[in-house]
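Please keep the sequence and the structure in view while reading.

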Amino acid sequence: MKKILFLFILFSISSYTQNIKEKKFDSKELGNDRYLRIYIPPSYEANPTKLYPLTVVLDAEYLFDVYVGNAILFANNDEAPEQIIVGINQNQNNERYEDCSYQKENSFPTANGDAFYKFIRSELFQFFEENYRISPFKTVVGNTLTANFINYFLVEQNPGFNAFININPYYAQDMPTMLNNKLPLLNDENIYYYLCNGNYNSDEVKKNINNTNLLLGKSENPKLKYKFNLFENTTKTASIGQAIPSALSFIFEMYSAISKEEFQKNIKDLSPPDAIAYLENKYVEIEYLFGSNLKIRERDIFAIESIILDKENGDYLKNFGEMINKLYKESPIGDYYIGRYYETGNKLKQALTYYKSGYMKLPEGDPNADAYYENIERILQKKDGVYIEPTVKN
């Protein structure tokens, strides 16, 4: 058993490393070579039209493997899209300190910091846009000093990134004010901002993060999507492994199937047409941002079923069934709902047609076949005038 497990682990590591490329990047902005680690999802070559979100990971020596491992796990569980991930090594000769340096008097990047900013914003973006199929959605990840640096992108007029993962940031003195001034100006794409803190940080760092959390938490701009984690009884190193999956779950919530929280918050009070529109718009947004041309998941269809059935006397059962038939032609479910629509309107001939069509789609031996056929029998009895409505017991 131990031998099998060992071989499985070796196979997993081998499969993972095969999808990572090492690249030496000659940067004109920095005036030197930079070493990158690039993860390409295994489906990339097999699916030549698919686009992939891009994630830039700073402090790659510490964060890249943790992020990639979690990204693979989330993608395999259909909780996030597959991503192209580039890690920038910054710790061979302590480059992170020059890369992310800022002027203490105004908190703006130094000349070295500005060069590193331009390296990412112009050279790195251009390289990936020209050489890889990337979607519009971009994420950037930083830790401590590099977590402060990623905020320089956000405070620009055009942030460039859609999602910011700030792990224990060492905020520059004026950064909270810069962020607070930027928040009212967000008016295009949604910005996802993840922030964490913990009792392992120094008092000054904790204070700056907590003050920033108060500012961000008070924002009323719907374009800012914000999540804060306070980690207790852990270490700064362990917090990295806690923060990244929490951030992924938050940032890619829209990609995931509808959760109980999403249903309660966004869907349960909608009318049937609005619930159908919400579902369709969710998947249009997924395709646009993440490049993932997903069919609406069956579980998401069933998530709004109660709204379609319970509200407005079933007037939208036909629309619901037609949507399902368009997505899942071989499924009997769409015909069932259209049949219910016609039965509710006492159009028995049309109802019988759709119930029979759905029944014919059931595979041989399906355990639901008898229950489905009861719909056909009920319509036949109604047509013959012999159907008796079952009494409801109090």
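## Salt bridges across the chain

A salt bridge is here a side-chain nitrogen of Lys or Arg within 4 Å of a carboxyl oxygen of Asp or Glu. The model is predicted, and a search of the whole structure finds 16 salt bridges in it. One of them joins Asp 59 to Arg 96, with the closest N and O atoms 2.8 Å apart. Because Asp 59 belongs to the loop between strand 3 (52–57) and helix 2 (60–76), while Arg 96 belongs to helix 3 (residues 95–99), the pair ties together parts that are 37 residues apart in sequence. With a relative accessibility of 0%, Asp 59 counts as buried, and Arg 96 is buried as well, at a relative accessible area of 8%. The charged end of Arg 96 also sits over the ring of Tyr 97, 5.5 Å from the centre of that ring.

Salt bridges can also be followed through a group of residues: Glu 22, Arg 37 and Asp 65 are linked in a network of them.

## Two further charged pairs

How far apart are the closest N and O atoms in the salt bridge between Arg 297 and Asp 78? The separation is 2.7 Å. Arg 297 counts as buried at 9% relative accessibility, whereas Asp 78, with a relative accessible area of 33%, is partly exposed. The charged end of Arg 297 sits over the ring of Tyr 255, at 5.3 Å from the ring centre.

In the salt bridge between the side chains of Lys 382 and Glu 343, the N to O distance is 2.7 Å. This pair links distant parts of the chain, since Lys 382 is in helix 17 (residues 369–384) and Glu 343 in helix 15 (residues 333–344), 39 residues apart. Lys 382 is partly exposed, at 25% relative accessibility, while Glu 343 is buried, at a relative accessible area of 12%.

## Helix 11 and what covers it

Helix 11 has 19 residues and reaches 27 Å from its first C-alpha to its last, which is close to the 27 Å expected at 1.5 Å a residue. Its buried residues include Pro 272, Ala 275, Ile 276, Leu 279 and Tyr 283, and Lys 282 is also among them. What covers the buried residues of helix 11 includes strand 3, strand 5 (134–143) and helix 10 (260–267), together with helix 12, helix 13 (305–310) and helix 14 (317–327). Helix 11 is followed by Gly 291, which has a positive phi near 70°.

## Aromatic pairs

A search of the whole structure finds 30 aromatic pairs. In one of them, the rings of Phe 137 and Phe 252 have their centres 5.8 Å apart and their planes at 50°, so the pair is tilted.

Note on methods: Residues numbered from 1 in each chain as written. Predicted model: local features only at pLDDT ≥ 70, side-chain atom pairs only at ≥ 80, totals over all residues. Heavy atoms only, no water. Helix = DSSP H or I, 4+ residues; strand = E, 2+ residues; numbered from the N terminus. Buried < 20%, exposed > 50% of the residue type's maximum accessible area, 1.4 Å probe, protein only. Expected span 1.5 Å × (residues − 1). Contact = heavy atoms within 4.5 Å. Phe/Tyr/Trp six-rings, centres within 6.5 Å; stacked < 30°, edge-to-face > 60°. Lys NZ or Arg CZ within 6 Å of the ring centre and 35° of its normal.
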